[in-house]
Every structure is written in C-alpha cells, then in structure tokens.
Amino acid sequence: MAPLPCFLLLLLGAASATSPPSRLAPYDLLYADGVRAYFARDWGRAAELLQRSLHSYAGLRAARRSCRASCRREAAFLGDPPAARPWEAALFERVLQRADCLQHCLGGRLGAAPSAHRASLAVRRDFEQREPYNYLQVAFFQLKKLDQAVSAAHTFFVANPQHLQMREDMEKYRRMSGVKADNFRDLEAAPHWEAYEAGMQHYNADEYLQAVDRLEESLREALSALEECRALCEGPLEEEEEEEEEEMQPGLYEAIAAHYIQVLKCRQQCVLDIATKPGRISATEDFIPSHLDLLQFAYDQVGNQALAAECAASYLLFYPTDEPVLEKMKQYQTELGEDTTVTARENIHHYVQRSLMEKKLIYYAVEHLGGTFNDPDLWTPDELIPESLKQKYREDQEKQKQETLDVEEREKRGPLPFEGITVTMDSRQMNGTHRVVFDRVLTESECKDLLRLTKAAAGTGDGYRARRSPHTPHERFEGLTVLKATQLAQNGDVDWRDAKLLLQASEKSRKIIESYFTPGKKLHFSFTHLVCRTAVEEEQEGRMDLSHPVHADNCLLDPEGKECWKEPPAYVYRDYSGILYLNDDFQGGGLFFTEMDAVTVTAKVRPKCGRLVAFSSGKENPHGVRAVSRGRRCAIALWYTHSQEHAEQERVKAEELMEQRATEQNQPEGEEYQGADHSSRSSSEPLAPDGRAGPVSRRHKPGSDRRQQPKQTRARDEF
C-alpha cells in the first residue's frame, strides 16, 4: 500500500487550524466540499479541501492499519484454553477483547466513532483511482502554483495513463518554462515498485551487485505493503449487491463464517494488489516468488553462493519440483560443502504456510458452503484444491485471465477516426486478445475499383518474386505491391485513380488500427500487399490443404511445443496485422484463429467487401486461411510496426510517384494524395524464404524462457 505522501504531512498544521488536533474529519465530506468549491471556481478553497481530504484518507488508513496491528498483539488468539473452560468461551472472549481494543484505539485516533468515516463505494473508488489529484492539478494551475500542479497531474496520470485529457496536459507541462524535471513525481509512489523497477534495470544490464540491493529492498517493501493491505481487509461485511428480499438471514455461525471467509479472500487478493503497478490492470505474475528467483541468479553472479542457495531454497517453497532450481541447489550444496545446511528464509516460510492455511479454509468453504474463489497464485499445490472444484477452478482462472486481458484492451482503445465504421466483433467475441473486426471501411464502389485494379494487374505472380503460389498448387496467386501498382499507372497499364485508392485504403486502415489498438503511438507500414487467390478448377477434387497454413506473423510457430520463437526468418519487428477484404463472391477462403496447437479453432471471420480484420502479430494470434475451392478471393494484406527503421520503403517510393503525378497535373499535393510515413527510408521487406530455422542457444537467466527450443521450427509466409 502507498505510504502517506510526504507533502500531505505538511498539511497537518493547516488541518489542525480548522479542526481539533485529535479529530480526523471524514474524508468523503471534505472531498464533496472540495469538488463543490472546484465547480464554483473557488480555487484556493478547492485546493485546501482536496488536500485535506487526501490527508484524512491516508490518516484513516494508517489508523486502521496501526490499531489492527497493535490489537492483534494485545488480544492474540494464541495458546490453549484452560482445561475447565470450553473452546467457544475462550475464543469469543478473545473476540470481544479484540473488538474492544479496536473500538478504543480507533476512537482515540480518529476523535469520533469509526462508523463516521465510512464512505460510499463511489467515493472509495475515486480515491483508489486518484481522482482528487485530477481536480487538484487544475486548482493549483489556476493558483499559479505550477510545481504543485505538475506533481498532482503526474500522480493522477501514473494511475490513469489512458486519460486523454491528462496526457495532453502532461505534454503542455513539459513544454512550459519553469517546470523542472523533479516536479514530475508520483506523490503516491509505492516504495516497492520504485525499488523493483530500478532493480530490474540493473538486472537486465547485468549489473548484479546493484540489482541485489534494489531487489532485496523491493522484496522487503513488498512484504511490508502486503501486511498493510491484509490489515485493511478486516473491515465490515460487504453485502451482495443483489439480494433476494425473502432470503433467510444467516444464523450466528453462518454469519461469522461468511464474514471470516470474506476477510480471508481479501487477504489472498492482496498479493495481486501489491503486484499491480499503478496504471495497469493485470498484476505481475508470481511477484514474490520471482524476486527470489531473480535474487538467486544475481547472488550467484556476484559470487555469493550462500545467499544464492538461501534464495533458491526459498523459491522452492513455492515450486518444489522446479528442475532448473533443484539442479542449482545441488550445485550450491557442492560448492558450500555437504556439512553446510541450506534453509529457506523464515519470513518466506511463514508467508507460504500462512497462505496455504488460508487457501485450505477458503476451498473448504467454497466446496461445502458455496461461493467462488479466484486463487491469485500460480503456485498453489494441485492437491490443495478439492477434486470437485478443480475443473471449475481451471475454468475460472482462464475466464479471469481473459476478462483481465479484455479490460486491458478496452482501456487502451482510442476513438475511431472515421464516421460510419462499426466494430462487428471485438476480442471477447472472438475468444482471444487484441483481435477486432471492422465493417464499412470501404464502399461497394471502392471495392469494385480495387477489384478492377487486380484484374488489370493479373498475371504478375505475387507481385514480388513472381511465384505462382507461395502456399498451395491448388490456387493461382496474384499479388501487387503499392509501388508496382503506381509503376503500372505510370506506364498507362492501370488507372491512376485505382492505384491512388490502394494507397488511400491502406492508409485509412492504418489509421483505424492505430487509433483502436495504439492511440498516441505511431504505427508504420511494414508491408502492403494486394493479393488474389483463385481456385484452379481442375485441381480441387479431394483437396485437403489450406489456402494458407496456420502461422503467426512475427514468430515461428511450433504447434507441438506450443511455442512461437521470435527469431529470424520471422519478421520479429511486426506489431500488428490487418486484412481488408474486397469481395465475397467465392467459396471458402475464410480466415480463422486457433490456439497455439494450430488445431483448436477459436474464431472465424467471413470475408466481405469493406471488412477489416485486425490483430496483434504475436503468438497470441495464430491464424490461417481456408482453401479457396471456387472463385477468386481478393484482399489487401497489411502489416505494421512501431519500428520506423523497418518501415516500408516501397510505399515511400510509391508516394513520391503520386506526388510527382500531382505536380505534373498541376494539382495541389494535398488534393491528389494524403500520404503517410514520409520519413521512413529503410529497405522493403521480402517474403520469408521457405525452409527451416535451427535452434538458437540462449543463456539461462530468470525472466527469460527456460525451455529449450525445438530442433526444427517452421518458417512462416505471407498471407
């Protein structure tokens, strides 16, 4: 959990001037008054009240953490009850003592009944999402307190990186004179994240001595933040949002069990809270265990085998059958001597045992009393999960992962840059991630014009290497690059307007995909290919192959190993792919997505004039094309990259020819053609060669893939 921000400590004096020293005003009331002052444009009062609300919110959380920790020690549930007294009386005596301790502790710290500080869910979410800082930055700016405005803006933006208005504000602040670099500071920064990111920078730069210091600091702070989060779980019972009116109220033991299990679930989820960086939706997987894995490798590199062994033993508490770490343990034991006893860290042992105990209780409750539990840990032993829940547990985990990815994708989306375009299917409907289908990108007339271009350019092979078909002998393959189309127009073989439309349609697709998937981050063309596949009539009987085998666009797909190796000859720099369809008057030819096994189909897309399917180019989107068994299927295949050095050179040349044509026709350049990516001057990319890629040796290092590459992997081709 984030510590009390340093600048808020300075507000204690200001707060005490308007309220008794021992009384902490409810933060939701201060926040409401601050927002009202904000909309009344009373900037000074808005800034004061919003700062006080943040101070009160942090103070309330600190009081709850402190009181619960001290009362846990004062009224601990330890020891055996006296022989003459029943367990029930002994237990509830401690419960009452703990409640009395908390009531007095919180009352003394808050200066009022603890119930006065309960806020609505909407207000709690505002503070969790740092919304008060959004108001504060405007108020400070209006008060000409630029340094405080920048800090407040940066603090909000860290947790809300997709907020478009704040992104623009941050850019304006960076250009302002008088703004210093240290003004851009996160006032709610979590110490463990600062240490973790610094440690990973050192680690990735092979600076292991520095990495050890910062990763150890990160682990200490993360465990401390975890305890603070767990303490805050001991709150009032949260009722279900939808409750049947006639449902019977639970009895004493049912109510106690329900509340206790709710607290345990909250405590379990704390590991996700501390592992989720502000501004992100998904947590860093295995956050605590990964620290130990990284540390054992780093200690080994600096020659401290004793601490390396200790970290390895601690890591094995989470994954006792991890073969690479077990091998390292044998090596450490040999180097240290057989007489040396290697033990795991006591705090990690306590962490694991406590977590397993809580999981056991939760799973018992889910199995016998009902409810659900999304286990946050990947290391939970399989035998801990009741047999009746195992399948449901796996399904829930997969569903939760998919929902998280869907939310991440939706958060990143930007508005579509053209009117009339519709999103027909998104990732959720296509059972994957970073997939989308747009319709009405082209009109029927535009599709006909581009099809006329394909007919005029027929007989040119793939338009690049003059191959009849790169994938199957059962289809005739015709292709055209943007440069070839422009050159044909220059020679009078095709209409200039059709060649220009090819450039415009592909640029329109780029803007749509960039806006949807990567708003604010430039996508460059990597390759543009107008392709047609025509069924060879006499070669369709008994056909079993695909028009294009299953593949991924920036890695070498290995279905047997369910891996995708990001190495040459794959186009590893590709980031996004698209297909803009021109017709549907053919049989077959549908696009489909699969799992990594290249067999299990997850989604299908039927070609249609003006339909654009777009997706990320990595292993998350293996795809293929069904056989074209009758007729002719035409589409514009598109690939994009964030790397300007790999931008499409042919496109630059085609745009230059278009501009030259516009000049010759005495037309303003802007009217003739609106181009893009003029700054890109790298060479055009060829199609991948047919053949196989051999394995590449890799140094084992935590954070990289431990598994060996397969002996043979398939090279991928274009659409």
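**Close-up views of disulfides and a helix**

**View 1. The link of Cys-555 and Cys-564 is right-handed, with 90° about the S-S bond.** The two sulfur atoms lie 2.0 Å apart. That makes a disulfide, defined as a pair of cysteine sulfur atoms within 2.5 Å. Both cysteines, Cys-555 and Cys-564, are buried. Buried means under 20% relative accessible area, exposed means over 50%, and partly exposed is in between (1.4 Å probe, protein chains only). The model is predicted: local features need pLDDT of at least 70, side-chain atom pairs count only at pLDDT 80 or more, and totals for chains, interfaces and linings use all residues. Residues are numbered from 1 along each chain as its sequence is written, and side-chain values use heavy atoms, without hydrogens and water.

**View 2. Cys-71 and Cys-101 are joined by a disulfide, S to S 2.0 Å.** This link is left-handed, at -85° about the S-S bond. Cys-71 sits in helix α4 (residues 43-74) and Cys-101 in helix α5 (residues 87-110), 30 residues apart. Helices are DSSP runs (H or I, at least four residues), numbered from the N terminus. Cys-71 is buried at 0% relative accessible area. Cys-101 is buried too, at 11%.

**View 3. A disulfide joins Cys-233 and Cys-266.** The torsion about its S-S bond is about -75°, so the disulfide is left-handed. Cys-233 is buried, at 8% relative accessibility. Cys-266 is partly exposed, at 32%.

**View 4. Helix α20 covers residues 496-517.** Of its 22 residues, 18 are buried, so α20 is largely enclosed by the rest of the structure. At its start, a side-chain oxygen of Asp-495 comes within 2.7 Å of the backbone nitrogen of Arg-497.

Definitions and conventions. Helices (H or I, at least four residues) and strands (E, at least two) are DSSP runs, numbered from the N terminus. The expected span of a helix is 1.5 Å times one less than its number of residues. A polar contact is a pair of N or O atoms within 3.5 Å; within protein, one must be able to donate a hydrogen and the other to accept it, and residues adjacent in sequence count only if both atoms are side-chain atoms.
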